[in-house]
Amino acid sequence: MTLILRQSEVSGLLDLRQAMAVLERTFREQAAGQVQQVAPLRFMNRGMRMVAGGLEAQNKNGLRVSVTGGDALALLFEISSGNLLALMGYPFSNLRISATVGLAIERLTDPKAKTVAMIGSGRLAFAVLEPACALRPIERVLVYSRSAENRERFARQARERLQVDVFAVASAEQAIEQADFVTVSTNAPAAALLGQWLRPGLAVFGIGRPNEFDEDVYLKANLVSVTSKTHELNYYDTKLDQPLIRLAHQGKLSWDGVAEFCDIVAGKAAVPGLQDSLIIFRDSQGGYGDLTLAAYAYEEAKRRGLGQKVSTE
């Protein structure tokens with residue numbers, strides 16, 4: 001039997017801390033070779049995006065499909081039997097980003113960090129700011145985006161929502177020079193973050209396109225970490241500039257030296273001293289992370305007796 005679950009039934013089953021715990025377990029499974037990674041696929045002309053993956057330790061695999069401006073659905077299968085376990089309205093896309101960034105902030109920033117710079121004020125800006133404020137004693141947020149109207153509006157909304165001082169600033173450099181760490185979430189056609197703006201002691205957390213950072217960001221870094229090398233190597237938009245991959249192909253940066261975040265979580269990759277190092281983190285955009293949140297929601301929904309069971313035969 002397949003369990004049909006509406007978004008409204010599952011949306012309250014996970015909060016930030018729970019999602020972080022679920023993802024931490026899955027990153028440890030990834031480090032142990034128990035996660036199947038499949039690069040996301042996007043049909044560019046219709047805005048449809050599909051991510052897939054396998055969670056061998058949890059005996060589950062599946063996919064999540066979404067359409068820009070529309071709904072998202074997750075299909076969850078049992079690996080051993082091939083049975084469709086659940087068809088779920090999937091509300092956790094932004095929460096997955098928040099929890100992933102939260103785990104990275106925990107490990108890659110000073111626990112006393114008080115000022116965060118934000119590059120980008122669009123639809124995912126809150127997804128990166130909320131874990132920052134939840135995990136660090138943030139007192140001041142400096143936000144820059146290309147649109148003065150958008151950054152001013154976001155600053156007002158963030159002040160009200162998070163009860164911290166949030167200021168719109170006139171340039172990315174102005175935000176970064178005063179920050180303890182930096183978040184970047186843009187859809188800019190060219191690099192939104194330049195290495196010349198960065199200094200030792202900063203950590204940078206990016207969740208956008210591969211062209212979001214210029215080459216110097218990576219070349220200056222003491223540590224570069226991504227959530228999935230498979231996703232980075234097989235990004236769906238092949239026309240987009242990918243400085244990290246280009247530098248590795250040119251031999252200017254060691255691909256072996258790029259740490260998958262799961263190895264940091266599992267203690268297999270060392271983190272340099274935070275006070276005198278430049279650390280770059282990139283979320284490689286979903287897949288197995290979405291599926292592990294869907295798997296948790298499925299098990300919790302079963303425990304609570306939620307959803308409707310149907311036969312697909």
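This is a predicted model: local features need pLDDT of at least 70, side-chain atom pairs count only at pLDDT 80 or more; totals for chains, interfaces and linings use all residues.
Helices here are DSSP runs of H or I with at least four residues, and they are numbered from the N terminus, as are the strands.

Just after H5, glutamine 163 takes a positive phi of about 60°. The helix itself runs over residues 148–162, and its end C-alpha atoms are 21 Å apart, which agrees with the span that 15 residues should have at 1.5 Å a residue.

Which residues of H5 are buried? They are Arg151, Phe154, Ala155 and Ala158. These residues cover an arc of only 105° around the axis, so they sit on the same side of H5. There is a simple background to such patterns: an α-helix has 3.6 residues a turn, so residues three or four places apart point the same way. On the other side of H5, Glu149 and Glu160 are exposed. The cover over the buried residues of H5 includes strand E7 (115–119), helix H4 (125–135), strand E8 (140–144) and strand E9 (165–168).

| Helix | Residues | Number of residues | End-to-end C-alpha distance | Expected span |
|---|---|---|---|---|
| H3 | 93–108 | 16 residues | 23 Å | 22 Å |
| H11 | 288–304 | 17 residues | 24 Å | 24 Å |

**Helix H3, an enclosed helix**

H3 is largely enclosed by the rest of the structure, because twelve of its 16 residues are buried. Among them are the residues Leu95, Arg96, Ile97 and Ser98, as well as Leu108.

Serine 98 makes a handy example from H3. Its relative accessibility is 7%, and because buried means under 20%, serine 98 counts as buried.

Two packed helices are described by the angle between their axes and the distance between the axes. For H2 and H3, the angle is about 75° and the axes are 9 Å apart. The two helices are therefore roughly perpendicular to each other. From H2, the residues that take part include Leu16, Met20, Leu23 and Phe27, and those they meet in H3 include Leu95, Ala99, Leu103 and Glu106. The residues of this contact of H2 with H3 divide into eight nonpolar, three polar and six charged.

Helix H2 (residues 16–31) also packs with H4, at an angle of about 95° and with the axes 12 Å apart. That makes H2 roughly perpendicular to H4. Here Leu16, Arg17 and Met20 of H2 meet Pro131, Ala134 and Leu135 of H4. What is the make-up of the contact of H2 with H4? Five of its residues are nonpolar, none is polar and one is charged.

H11 is mostly covered, with twelve of its 17 residues buried. The buried residues include Tyr288, Asp290, Leu291, Tyr298 and Glu300. Just after H11, glycine 305 takes a positive phi of about 75°.

Asp290 turns up again as a partner of arginine 64. Arginine 64 lies in strand E4 (residues 60–67) and is buried, with a relative accessible area of 6%. Setting aside neighbours within four places in sequence, the contacts of arginine 64 are Arg49, Met50, Val51, Leu73, Ala74, Tyr90, Ser93 and Asp290. The C-alpha atoms of arginine 64 and glycine 122, 58 residues apart along the chain, are separated by 23 Å.

Is threonine 227 buried or exposed? Threonine 227 is buried, with a relative accessible area of 4%. It is found in the loop between strand E12 (223–226) and helix H8 (229–233). Beyond its neighbours within four places in sequence, threonine 227 is in contact with residues that include Phe27, Thr100, Phe261, Asp283 and Tyr288.

Isoleucine 245 has its place in helix H9 (residues 243–249), and is buried at a relative accessible area of 9%. Apart from neighbours within four places in sequence, isoleucine 245 is in contact with Glu232, Leu233 and Trp255. The C-alpha atoms of isoleucine 245 and proline 210 are separated by 8.9 Å, although these residues are 35 residues apart along the chain.

Note on methods: Residues are numbered from 1 along each chain as its sequence is written. Side-chain values use heavy atoms; hydrogens and water are left out. The expected span of a helix is 1.5 Å times one less than its number of residues. Buried means under 20% relative accessible area, exposed over 50%, partly exposed in between (1.4 Å probe, protein chains only). The arc is that of the directions from the helix axis to the C-beta atoms. Contact means heavy atoms within 4.5 Å. Axes are lines fitted to C-alpha atoms, for helices over the stretch in contact, and angles run from 0 to 180 degrees between N-to-C directions. Angles under 35 degrees count as roughly parallel, over 145 as roughly antiparallel, 65 to 115 as roughly perpendicular and the rest as oblique. Ala, Val, Leu, Ile, Met, Phe, Trp, Tyr, Cys and Pro count as nonpolar, Asp, Glu, Lys and Arg as charged, and the others, Gly among them, as polar.
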